[in-house]
Amino acid sequence: MSQGMTIRATAKAVGLSVDRAFRWRHRFLGFLSEQRPTGLTGVVEADETVFRRSFKGQRKSLPRAAKKRGGPAPKSQEGERVSVLVAMQRGTRRATDHVLDDLSARTMTAALRPEIAPDAVLSTDGNPSYRVVAANLGIDAGCFVAGYDGPGGDGVWHVQNVNAYDSRLKGWMGRFHGVATKYLGNYLGWRRLLDRFQDSVTSQQFLFHALQPEYVNS
């Protein structure tokens with residue numbers, strides 16, 4: 001897991017069945033998924049990214065017809081995408097993320113409230129919901145509009161760092177060929193730890209942080 005190996009590669013390496021390796025993986029990831037940094041301060045970039053909704057591994061009671069693995073999700077089909085809110089303290093590897101039920105300002109505020117410091121300044125794109133989020137949190141905010149300022153933003157207001165994190169996240173997730181949506185939060189927690197150590201986390205460090213949640217902010 002410190003190497004980000006797939007289930008089958010893990011099972012082969014440690015001599016377990018695929019099912020048992022899967023169960024053990026999620027025992028550890030269940031701890032990591034709830035470990036998020038608190039007190040994000042300074043300029044905090046926030047943006048949303050999306051993943052395809054997946055019922056991988058679910059054979060009964062599918063809410064729709066099964067799709068071929070790796071096939072594109074129809075853009076026009078409601079409910080086929082899952083939104084993830086990502087926030088990162090600029091100049092650090094301190095990132096947090098949340099799988100959202102919707103993109104309302106109320107939902108985003110509830111997600112970020114435990115993790116944003118009172119002196120933080122939110123840097124976002126032109127999504128007007130973030131102005132409401134900042135007001136709800138009682139913090140300052142600045143934004144850019146891509147149509148006017150370009151994708152790189154306008155001076156200090158940009159989300160380049162959080163978008164780079166999203167790119168690393170999705171590139172890493174590609175090795176799993178689709179993750180079941182019900183386990184998405186677990187994989188997000190896994191990636192947060194790996195990214196924090198710049199993909200050089202040791203097995204000992206992985207175990208320490210998975211089993212010692214009080215050290216999440218150290």
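This is a predicted model: local features need pLDDT of at least 70, side-chain atom pairs count only at pLDDT 80 or more; totals for chains, interfaces and linings use all residues.
## The largest core

Let's begin inside the protein. The largest nonpolar core holds 27 residues, and the members that touch the most others are W172, M173, L184, Y187, W190 and F206. Several elements each give at least two residues to this core: the helices α2 (18-32), α6 (160-173), α7 (184-196) and α8 (203-211), along with the strand β2 (81-89). Of these, α7 makes the largest contribution, with six residues.

Leaving aside residues up to four places away in sequence, M173 is in contact with F51, V179, L184 and Y187.

## Two positive phi angles

If you like checking backbone torsions, here are two to visit. Most residues other than glycine have a negative phi. H177 has a positive value instead, near 55 degrees, and is not a glycine. This histidine sits in the loop that links α6 and α7. H177 counts as exposed because its relative accessibility is 53%, and the cut-off for that class is over 50%.

The other case is D199, again not a glycine, with a positive phi of about 65 degrees. D199 lies in the loop between α7 and α8. Its relative accessible area is 47%, so D199 is classed as partly exposed.

Key:
Residues are numbered from 1 along each chain as its sequence is written. Side-chain values use heavy atoms; hydrogens and water are left out. A nonpolar core is a set of buried Ala, Val, Leu, Ile, Met, Phe, Trp, Tyr and Cys residues joined through side-chain atoms within 4.5 Å. Buried means under 20% relative accessible area, exposed over 50%, partly exposed in between (1.4 Å probe, protein chains only). Helices (H or I, at least four residues) and strands (E, at least two) are DSSP runs, numbered from the N terminus. Contact means heavy atoms within 4.5 Å.
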